[in-house]
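Please look over the sequence and the model below.

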Amino acid sequence: MKNGKRWVIFLFVILSVLWGGSFSAAASTPLESHGALSVKGGKVVDSHGKTFQLKGVSTHGLSWFPEYVSKEAFQSLRDQWGANTVRLAMYTAEYNGYCTGSAANRTTLKNLVDKGVKAATDLGMYVIIDWHILRDNNPNTYKKQSLAFFREMAAKYKNYDNVIYEICNEPNGGTTWSQVRSYAQSVIGEIRKTDKDAIIIVGTPTWSQDVDQAAKSPITGYGNIAYSFHFYAGTHKESYRTKLENALKKGLPVVVTEFGISDASGSGGINKTEGDRWISLLNRYQTGYVCWSLSNKNESSALLKSSCKKRSGWGSSDLSDSGKWLVNTLKGKLASGTQSGSTVSQSSQTTGQTAAASTKVKSVKASKKYCSISLKREKTWKSGKKYYSLYRLVITNKSSKYNISDWKIQIRFKNSIKKSSSWNGKMKFSGKTVTITPVSWNKTIVRKGKAKDIGFIVSSYSKSNKISSAVFK
């Protein structure tokens, strides 16, 4: 009987080859081929001890785009795009964040994480559970909640060979490596009480770019630890590649858990040339990378067109320029655009940033009559002789009749300031004044909508860094 089965299998393989099929590819998933991953010698390796590159896609925030967390969507990433990894981005402090939303919202988010883990597992893909700090700046802000969350995740997925924990997305706002390291040691210790060997990825300061600091003082006492590095090719170029390469040469195990070919805001023009240079570097060091983001948000880092309503089965006509570049990079294969896929209505974000109104609505320029400005200083810290302050701006369209077609805001400080960082707006700093105009994706604010997540960091020799006025121009 055994010999009979062998002859049947042998005949099937021969016929498959003659018919142009791919029997072995269809029979093996990434997990089946490579098994549980670990960190050895500064590299991520598979169960056979061979260096392995995580290559995949990150969701956008689970609260914003839950419709793409499905087995059908992930199968499209695996089979058509060539991805072996999915990252589940669970924001902690933004809209419906895990630490700022209701108890019911926390349950919803955990259910989405579980749905994503199980879908990836069924498909034999690796999956990263991402504790996506951003607005909270310092991972210690919600350390208690993080410990409880990862304690629960470790207990639930300790027997899963494909689960990876990313414990702090992008420390920023002046957070130091010492602070991140202290937080990481606590969370890693909590995970290791239950899950002894899953890979744990630790974020680095300045939006996960300061891997050089981690290389000087890596976490000790635990195995299977890697560090994250993020880049956006339109903004981060040769000097950032040098920083990453120096850390890799020192033997620091790194995974690029988030990147894009747009500018750092996630929008603006794309830069394929710089993107190709980044991928060349990553491939040379066999460093894994995960692209942002699986969504149809109206920004250039989104991998789907804003007009795309499919949840899966995307063809080339459904993808943004970033999406097409990624699939080519992963060496996936796209249909001509005639693939079928389940559809979803446009994401109904309250920000008003994603899609223009479907019906014709008169547009007006922003003014005090139609809009309001909310400008909050979230944090101030001292570095050397200078004081730094982080501000966030929200513009609300109060009108139920008109869209806002354009806006310009002038902010005046009491003392002279200098730019340290900015995002989601074009900003001109001069003396005591900051002038902000929109980027492409938040230029239009729909009726009763908002332009959110606009921010900047300024420095001065004055502790206050106070604002005297903020007006529409």
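Contact here means heavy atoms within 4.5 Å. By that rule, and leaving out residues up to four places away in sequence, Tyr165 touches a set of residues including Ile129, Phe150, Tyr157, Ile191 and Ile201. This is a predicted model, in which local features need pLDDT of at least 70 and side-chain atom pairs count only at pLDDT 80 or more, while totals for chains, interfaces and linings use all residues. Residues are numbered from 1 along each chain as its sequence is written, and side-chain values use heavy atoms, without hydrogens and water.

Tyr165 is also among the members of the largest nonpolar core that touch the most others, along with Phe74, Trp81, Ile167, Val202 and Trp314; the core has 88 residues. Such a core is a set of buried Ala, Val, Leu, Ile, Met, Phe, Trp, Tyr and Cys residues joined through side-chain atoms within 4.5 Å. Buried means under 20% relative accessible area and exposed over 50% (1.4 Å probe, protein chains only). Helix H7, residues 177–192, gives the most to this core, with seven residues. A second, separate core of 24 residues includes Ile404 and Phe413.

Helices (H or I, at least four residues) and strands (E, at least two) are DSSP runs, numbered from the N terminus. In helix H10, residues 238–249, the buried residues are Arg241, Leu244, Glu245, Ala247 and Leu248. Down the axis of H10 they fall within an arc of 160 degrees (taken from the directions from the helix axis to the C-beta atoms), so they line one face of the helix. They pack against helix H9, strand S8, strand S9 and helix H11. The face turned away from them carries the exposed Ser239 and Lys249.
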